[in-house]
Every structure is written in structure tokens, then in C-alpha cells.
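Please examine the sequence and the three-dimensional model below before reading on. The paragraphs that follow lead from the overall fold to particular sites.

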Amino acid sequence: MVVLAKGELEQIALPAVHKTAPPLADLPEVDLSVARSGSEGRAAAARAVAAACEEHGFFKVTGHGVPAELLARVENAAAAFFALSQRDKEAAMSAATPGSPFGYASKRIGNNGDLGWVEYLLLGVTAAGAEAGAPLSVPEEVVPSASLCSFRDLLNEYTVAVRRMTCQLLELMAEGLGMEDRDAFTRLVLHKESDSMLRVNHYPPRPELKQHHGGRVTGFGEHTDPQIISVLRSNATSGLEIALRDGDWVSVPPDQTSFFVNVGDALQVLTNGRFRSVRHRVMVNNIQPRVSVIFFGGPPPRETLAPLPQLVGEGGRSRYKEFTWCEYKASAYGTKLAANRLCHFETTN
Ligand SMILES: C=C1C[C@]23C[C@@]1(O)CC[C@H]2[C@@]12CC[C@H](O)[C@@](C)(C(=O)O1)[C@H]2[C@@H]3C(=O)O
Ligand SMILES: O=C(O)CCC(=O)C(=O)O
Ligand SMILES: [Fe+2]
């Protein structure tokens, strides 16, 4: 249950001038089963992925091959977790390192004063064992109690399946950009030290908020994701909105059978700005709870990020400086949610 202290509600209620966002017309859709159907289908899917990443930094994935039954089990287990008492949810995460972003939290997003009408679990996912691409594991100390072990196992199973699909998408992105090195992005997410995360968000409905506040209530304020790629799946409840190039906000009709992909800041850098890190937010639904699960594919901490030479081109201008993922994260995690994090890494000439 999300409980707000006095005054906090005003901070997360958008002023009434923020009208309901209209649905995104022509939401780009990529059918991965077509990409698997032969070289022509693959080439078409690669073009579609690249076009969507250039235009919106966002697209929907169908034909993904992740079993519907696994999606339903994760959704039910997440709903069961969030139905626990506040004490049990907090206790489940009490072993998480103090100061680390990982664990269970309610309303507070990050460490810089951002609030949202949301409670969540944030878990680091690591490649177990020495082999790159080995199954991921959610650290034992983060979900310790016996009753939660099966939830952790389930999240691991889910992460393995979603990471596999993520890599197919990253390969299509490289192909769509005309890159010879098709593994350039995949390699980073499959690296044994890849800094990837899994987030499970729960947005409880608040029917009374509309009457009392006139405006809309923010579940998760506007932001871009710092990583390479985010792969999101939600239940059938609306709430996700993205900003178009012109700054207009549009809503994304929910589809519990599909995944939604966000280009992150790191991919915007690697592609020298050709792919757009999409600004997005979640508004609270007045009637139904929203449950979403997001896999954030990140590079290893020591990886140097800079625009890939083949995407800058001979004599072209590199729009970003070189930096390590560690440096970027340290900078990004010191900012408010809505901040433009990439501007500190842009070149000036
Ligand atoms: C306010 C913040 C929360 C966040 C870290 C940050 O300082 C800025 C980026 C935020 C974000 C957005 C995408 C992911 O949900 C997240 C886990 C991430 O890597 O960057 C969150 C961070 C968080 O919730 O701790
Ligand atoms: O919960 C959602 O649907 C999206 C949340 C989000 O953008 C995030 O966790 O970074
Ligand atoms: Fe996000």
C-alpha cells in the first residue's frame, strides 16, 4: 500500500493544465516472428526497428516467443508480493545494502527527492558464473525469506527469457544501422559484468484523487532511462506515456501480450544520437492497479562508451565525449528524475 504524508500528494499531482495525453497514432510495432522467418523478414524487421528507434526511441514487440504462461505467473506473483503488509515487504528487503538503490521502496524514487504514486522492487541482475551469457541471478540477500525464494526464481526465469529477446532486438538494431559488427550492442548486455537491473512497479489506483486534485497524478515522473535498452511488460492497465520529438505527450495503449522497448541514454550515445533516448512517464490509473516489469540492459561498469566510429563516419562529428558507464551512472544517479543527464557529456564544437 502506498501511503503519502501530508503535502506529498501535491508534489505528485500534475497541475490541471496537463491534459490527458491522446493515444500514440501508428505506434511502431515489430513482429519478431517475422524476423525469424527468413532473410527478407529479418531485413524488414531490422529496418523497422531502426526507424522506430530513430523516430520515437520506442516501439512495441509482438511475436516475441516469451510464453504467455510465464508472463501471467510473473504478474500474479508480483501482485501477491505487493499485497503483503508494508512490514513484510520492507522486511523482505531489509538485507539490501543501505544507500544502494536496490530493494523495496514506496513513493520515493532514487535519492534526490523524487516522489511518485508507486511502490516497487528494484533488483540488480548479474550473470551467475564466469561465462558470459550464463543465467542471471537476483542476489540471494535481496530476496531472502523462503516464501520469497520462489518469486526470486521466477524473476530469474523471466529475466533469462527477456534478456534473450533483448539480445535479438539489439542485433536487429545493429543490422538496421548497417553495422558489420552485429554483436556490438548485444556483447555489452551479455557481458558477465553487465550492469543490468529488473524493476517491478506497482501503481495502486486512486479513484478519489481526480475529484480532489482536478489534475492527474504521477506514478513515475518523466525521465529517460540511463541504460542501453529497457524492455517493459505491463498488465492491461494504461498509464505509460511517451514524449514525441516536438515535446507533445502521447499515451501508449496497454497490451499485456506484448513488450515495449525504450532506447536508453547509453544507446543514444553509442549511435551518436541517431537513436533517441525516449522521455517517458507513468500516470496513475483511477480504476485499476498497474503492474509493470522492466528489464534494463546495461553495459559493464568499466566499459568505455562513445559514439561508434562507423556511426560517426569519416569527418563526421562525435556528439558525445568518451566516458565509462561507471562515470555516467555516478553522474546520472546524482540527478533528479526529470533532468537531462546526457547534456554533461555532449561535445561542444
Ligand atoms: C531519480 C533517480 C531515480 C533513478 C536514478 C535517478 O537519480 C535518475 C535516474 C532514475 C532511473 C530511471 C530508470 C530506472 O528506473 C532507474 C533504476 C535507473 O537506472 O535510472 C531509475 C533510478 C532509480 O530509481 O534509482
Ligand atoms: O512502470 C512503468 O510502466 C515504467 C516505469 C519506468 O519508466 C521505469 O521504471 O524506469
Ligand atoms: Fe523508465
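Among the contacts in the protein with a separation of 6 or more, 74% join residues 24 or more positions apart; two residues are in contact if their C-beta atoms, placed from the backbone, lie within 7 Å. This is a predicted model, in which local features need pLDDT of at least 70 and side-chain atom pairs count only at pLDDT 80 or more, while totals for chains, interfaces and linings use all residues. Residues are numbered from 1 along each chain as its sequence is written, and chains are lettered from A and ligands numbered from 1 in the order in which they are written.

The protein has 11 helices and 16 strands. These are DSSP runs numbered from the N terminus, with helices (H or I) of at least four residues and strands (E) of at least two. Of the 349 residues, 41% count as buried, meaning that 20 or more other C-beta atoms, placed from the backbone, lie within 10 Å of the residue's own.

In soluble globular proteins, nonpolar side chains tend to be buried together. The largest nonpolar core here has 79 residues; such a core is a set of buried Ala, Val, Leu, Ile, Met, Phe, Trp, Tyr and Cys residues joined through C-beta atoms within 7 Å. Helix 6 (residues 146–176) gives the largest share of this core, 9 residues. Val49 is among the residues with the most contacts inside the core, and its contacts beyond four places in sequence include Leu169, Leu172 and Met173.

Helix 11 (residues 325–332) has Trp325, Tyr328 and Ala332 buried. Seen down the axis of helix 11, the directions from the axis to the C-beta atoms of its buried residues fall within an arc of 65 degrees, so these residues line one face of the helix. Their cover includes helix 9 (265–270), strand 15 (304–305) and strand 16 (323–324).

Strand 4 (residues 103–109) and strand 5 pair in the antiparallel sense over 6 bridges, where pairing requires that DSSP finds at least two bridges. In their hairpin, which has 4 residues between the strands, Gly110 takes a positive phi near 70 degrees.

Gly110 is also one of the closest of the 17 residues that surround ligand 1; a residue is near a molecule if its C-beta atom, placed from the backbone, lies within 6 Å of it. Strand 5 (114–127) and strand 7 each give two or more residues to this shell.

How values were computed: Buried ≥ 20, exposed ≤ 12 C-beta atoms within 10 Å, placed from the backbone.
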